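I am opening my notebook on this structure. My plan is to look up one feature at a time and write down what I find.

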Amino acid sequence: MYHVPSTYQGVTAGMAVLVLLSEFAMLRAPLLRSQVRLYAFQSLVVSGLAAFVAASKHIDELYVLAGLSLMLKVILVPGLVLRLLRDADTDLAGSSVIGTASAILIAIGVSAFGFFAIGSLHVSSVSLPTSALAIACAVVLVAFVLIILRTDVVSQAIGFFSLENGVSVASLVVASGLPLIVDVAFLFDLLVAVVVFGVIMRVHHMRNETLSTTELDRLRG
Amino acid sequence: MGLIVLSPSGIQSLQVLTILLGAPLVSGVTSHLEGRFQGRRGPRILQPYYDIAKLFRKETLVTDESSWVFLTGPIVAFACYLTVPMLIPVLTTFPLPLGYTGDILGGGFILALAGFVVALAGTESGAPYAQLGGSRAMTFGALIEPTILFVIFAVALITRTDLPYALAATVRSSASQMVRPSHILAAAAFFLVVLVDTGRIPVETHSGTLEFGMIDEARTLEHSGPALALLKWGATMKQLILYTILINVFVAPWGLAATKNLGAVGLAMVALLAKAMLLGLLFAVIDNLFSKLRLFKITEFIASAFLLAVLGVLVFYAGGG
């Protein structure tokens, strides 16, 4: 346990930490637009991580995955959500009952749980250090915290999308040689979510002129 | 000149002297650069020395309500700042005789003691703004404390000791030590701690005159004459001590003297001051990029620093850091 990680392990774990930190930054961001940009940045780090693993471990399929997620998650999805946001003239995210500092403390607690939970599993991987799996788990859990604490559709959508980023990192750890088709299926799952959330944002804003989820029950047919 | 070999205690006193005499210079360069960035000509680089010299010639005024605490506070704080440079790697890669008398925790305690007596002296004056400064400084000091502890935990986990010399040696030992996430996270957290502890933007406007936003600055409002000179000098020394810990322990422990030669030690002095000025440049840039946070938003800033430090420890435990 007390070995010094190699440079490769250090860099990959560092990139995974960057993914987790941008998840925390989303929790802190008060503007919807900055949240979407943070998601784009997070996806960029994820595809960078995939490309880095592909280059160092010579797994060529991962290049395709990195390229696909670069196009979809860095350019297409954030662009789409930003466009939807431009039409809806809401800037601020729905603030939660809890202050930002407390929200961050809760998220720290939750991600510590994730770290210890994965730590007791003793998973080892050839491509990435185990800590990356623990970090991926923490990303998923913090995304849940974001979805639970924020009360607007955009934050919840971004929380869901970034949850998928956490799953991507986890899949890089557990099975970086995963057949490409499975990974692509993941991405199409994401696209379905984007369409669903896009429709919700559009319809909810058109009918009720708000993006808040507290008014969501007014959407009855 | 390069062949003159210094005694260890000689180098030790040179460490203290470097901090003592170099601190106003680093602070002067920083505020000069800051002025330049803001389109002003900025104060002279040597201005802090002139200020201190001027204050030493002035008389000391004491309010009726204050006691000996008010007058001894600045002296005790100054003594604390003179003690810390003996414990940290200022000039040498090898530990000096007194270097092992205190670990990072010990150094932290001495710095905290200095902060405490200054706050106490401010409170003793009976003036509302000085009291407000003292109470705020203690409040935010208490909030930043968990972060400092977790940084120390991360350091202790990485080196299995908590001696500043050991961490500096570990960082120097290989490149994989530099990129390990727990080290980077601990260093980043410590960087934010330095921002808070030296009272810079985004926590405090260090050169402002608006009392409502003041934290550290307000504590010294009632002091005058030599006492104020000691406080100002002490503040610059505290800044250089924290810069030195950040540079020589966490980020860039290179350029330190590996031998006891006079030439090597002299070079290390110049290198330290140059590195500290570069860091000052970074702080001046940050000063111009960000605005001051509202007082109640500072907790969010401290929460982010805490997050970085905790993640550093967690990533280490997860086995990748």
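Where in chain B is the place of Arg160(B)? I found Arg160(B) in the loop between α5 (128–159) and α6 (164–173) of chain B. Helices here are DSSP runs of H or I with at least four residues, strands are runs of E with at least two, and both are numbered from the N terminus.

**Entry: ground rules.** I am working with a predicted model, where local features need pLDDT of at least 70, side-chain atom pairs count only at pLDDT 80 or more, and totals for chains, interfaces and linings use all residues. Residues are numbered from 1 along each chain as its sequence is written, while chains are lettered from A and ligands numbered from 1 in the order in which they are written.

Entry: I went back to Arg160(B). Its phi is positive, about 60°, although Arg160(B) is not a glycine. Is Arg160(B) buried or exposed? It is exposed, because 10 other C-beta atoms lie within 10 Å. The rule I used: 20 or more other C-beta atoms within 10 Å is buried, 12 or fewer is exposed, and in between is partly exposed, with C-beta atoms placed from the backbone.

I then looked at chain A. His58(A) is not a glycine, yet it has a positive phi of about 55°. I located His58(A) in the loop between α2 (32–57) and α3 (61–87) of chain A. His58(A) counts as exposed because it has 8 C-beta neighbours inside 10 Å.

**Entry: chain B as a whole.** I counted 11 helices and 0 strands in chain B. Its C-alpha trace spans about 55 × 50 × 40 Å along the principal axes. A compact globule of 321 residues would have a radius of gyration near 20 Å, and chain B agrees with its 19 Å. That radius is taken over C-alpha atoms, and the globule rule is 2.2 Å times the number of residues to the power 0.38. Buried residues make up 50% of chain B.

I also checked contacts, meaning C-beta atoms placed from the backbone that lie within 7 Å. Of the chain B contacts with a separation of 6 or more, 80% join residues 24 or more positions apart.

**Entry: the loop between α8 and α9 of chain B.** I looked up Glu222(B) here, between α8 (181–197) and α9 (225–251). Glu222(B) counts as buried because it has 24 C-beta neighbours inside 10 Å. Leaving aside neighbours within four places in sequence, Glu222(B) is in contact with Thr63(B), Gly122(B), Ser125(B), Ala127(B) and Ala130(B). Pro202(B) is in this loop too. The peptide bond from Ile201(B) to Pro202(B) is cis, with omega near 5°.

**Entry: a helix pair inside chain B.** Two packed helices are described by the angle between their axes and the distance between the axes. I took α4 (residues 104–124) and α5 of chain B, which pack at about 175° with axes 9 Å apart. The axes are lines fitted to C-alpha atoms, for helices over the stretch in contact, and angles run from 0 to 180 degrees between N-to-C directions. α4(B) and α5(B) are therefore roughly antiparallel. The cut-offs: under 35 degrees is roughly parallel, over 145 roughly antiparallel, 65 to 115 roughly perpendicular, and the rest oblique.

By class, this contact has 10 nonpolar, 8 polar and no charged residues. Ala, Val, Leu, Ile, Met, Phe, Trp, Tyr, Cys and Pro count as nonpolar, Asp, Glu, Lys and Arg as charged, and the others, Gly among them, as polar. Among the α4(B) residues that meet α5(B) are Gly108(B), Gly115(B) and Gly122(B).

**Entry: where the chains touch.** How many residues of chain A are in contact with chain B? I noted 27 residues of chain A against 21 residues of chain B. On the chain A side, α1 (7–28), α4 (100–119) and α5 (130–149) each give two or more residues. That side divides into 17 nonpolar, 9 polar and 1 charged.

I followed one helix pair across. The axes of α4(A) and α11(B) (residues 298–318) come within 10 Å and cross at roughly 5°. That makes α4(A) roughly parallel to α11(B). Their contact holds 13 nonpolar, 3 polar and 1 charged residues.

Technical notes:
Contact = placed C-beta atoms within 7 Å.
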